[in-house]
Amino acid sequence: MAKKSSNRVKPAETELKEKLVNLNRVAKVTKGGRTFSFAAIVVVGDGNGTVGHGLGKARDVSEAISKAVDDAKKNLIRVPLHKGTIPHEQKGKYGAGKVLIKPAADGTGVIAGGAMRAVLEIAGVHNVLAKSMGSSNPHNVVKATIDALIKLRSPMDVSRQRNISMEKLFNG
């Protein structure tokens, strides 16, 4: 994965919304019969460039979701947004899950499937074109999307790293 330390966010800084991406019932077969438990994947974000994901497992649905929310608050990252979209095209990968996200013109909306849509909407991206390639497993798709968002660089960061002005960056 890309460098995480530079765009980490403290959970106390913002008012976070949460969105359940997937709830999976799993069964453990014992000699006394089947024991059911639940695994929940949740994304949290403030709708303004902060997003995180978490996984919670418990015997009860609500407990699994609350554990997932707590885990997600520990994994918050900052996403550079540019006029309601992302600054540039980016690919992300986690396991067999591969994603491609592209900036889109104003009014396009979030064109993304299932797990990717949840991550991008809760991050505050309003216009984006996204494609999930490879695995459709929500775990891997969410983590691949987060990977792509971590790799994004804002125009200010790029101009600072190259020691050139913003005008020169955009005008060539």
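In which strand is Val99 found? In this predicted model, Val99 belongs to strand β6, which spans residues 97-103. The residue is buried, its relative accessible area being 1%; the classification follows because buried denotes a value under 20%.

The surroundings of Val99 can be described by its contacts. When neighbours within four places in sequence are left aside, the residues in contact with Val99 are Gln90, Lys91, Gly92, Met116, Lys131, Ser132, Met133, Val141, Ala144, Thr145 and Ala148. A further reference point is Leu55, which is 44 residues from Val99 along the chain; the C-alpha atoms of Val99 and Leu55 are separated by 20 Å.

Attention now turns to the charged side chains. Side chains of opposite charge can pair when their charged atoms come close. With a salt bridge taken as a side-chain nitrogen of Lys or Arg within 4 Å of a carboxyl oxygen of Asp or Glu, the count for this model is four.

One of these salt bridges joins the side chains of Glu121 and Lys19, with an N to O distance of 2.6 Å. Glu121 lies in helix α2 (residues 114-123) and Lys19 in strand β1 (residues 17-30), so this pair ties together parts of the chain that are 102 residues apart in sequence. Both partners are partly exposed: Glu121 has a relative accessibility of 32%, and Lys19 has a relative accessible area of 30%.

Glu121 also takes part in a salt bridge with Arg117, in which the closest N and O atoms are 3.2 Å apart. Here the two partners are both in helix α2, four residues apart, and are therefore separated by about one helical turn. Arg117 counts as partly exposed, at 33% relative accessibility.

Another salt bridge is formed by the side chains of Arg160 and Asp157, at 3.2 Å from N to O. This pair lies in helix α4 (residues 155-162), where Arg160 and Asp157 are three residues apart, about one turn of the helix. As for shared partners, salt bridges join Lys19, Arg117 and Glu121 into one network.

Notes
Residues numbered from 1 in each chain as written. Predicted model: local features only at pLDDT ≥ 70, side-chain atom pairs only at ≥ 80, totals over all residues. Heavy atoms only, no water. Helix = DSSP H or I, 4+ residues; strand = E, 2+ residues; numbered from the N terminus. Buried < 20%, exposed > 50% of the residue type's maximum accessible area, 1.4 Å probe, protein only. Contact = heavy atoms within 4.5 Å.
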